[in-house]
Amino acid sequence: RNKAASQFLEPFTRTLHDCSACHVTEFILMMLHRGYFDVSEFIISVLYLVRFRDRTGISLHVRAWRPLFITALLIADKMWEDKSVKNSSLTQLFPVLTTAELFELEARF
């Protein structure tokens, strides 16, 4: 197994079932920091998540909130920034998703 990949994957697999406020905050701050995202992109992504929940009726379940948050953050970045993050770069930060899965989530979002 690739050590670099496992370094990024370990925080996700270790806390897969952790939905505490502390963990959610830690995960969001880690993604914002590692991906060099602005606070404005975070705020927009939260608005996208609320709109997604309201339109689809899908709640942010403990196993689904991370991929949904990553997708909302990606879309917010693409809408807000002139040079947005690439899907393949984001899957390196969140190695649980493949690039193809992230494209699919983005299209459905």
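Is Lys78 buried, partly exposed or exposed, and what is its relative accessible area? Select Lys78: with a relative accessible area of 30%, Lys78 is partly exposed (buried is under 20%, exposed over 50%, partly exposed in between, with a 1.4 Å probe and protein chains only).

The model is predicted: local features need pLDDT of at least 70, side-chain atom pairs count only at pLDDT 80 or more, and totals for chains, interfaces and linings use all residues. Residues are numbered from 1 along each chain as its sequence is written, and side-chain values use heavy atoms, leaving out hydrogens and water.

Helices are DSSP runs of H or I, at least four residues, numbered from the N terminus.

Arg108 is exposed at 64% relative accessibility; Glu104 is partly exposed at 42%.

Next, select helix 3 and show its buried residues: Glu41, Ile44, Ser45, Tyr48, Leu49 and Phe52. They cover an arc of only 150° around the axis, which puts them on the same side of helix 3; the arc is taken from the directions from the helix axis to the C-beta atoms. The face turned away from that side carries the exposed Val39, Leu47 and Asp54.

Finish at Asp54, which meets Arg53 in a salt bridge (3.1 Å, N to O).

Conventions:
Helices (H or I, at least four residues) and strands (E, at least two) are DSSP runs, numbered from the N terminus. A salt bridge is a side-chain nitrogen of Lys or Arg within 4 Å of a carboxyl oxygen of Asp or Glu.
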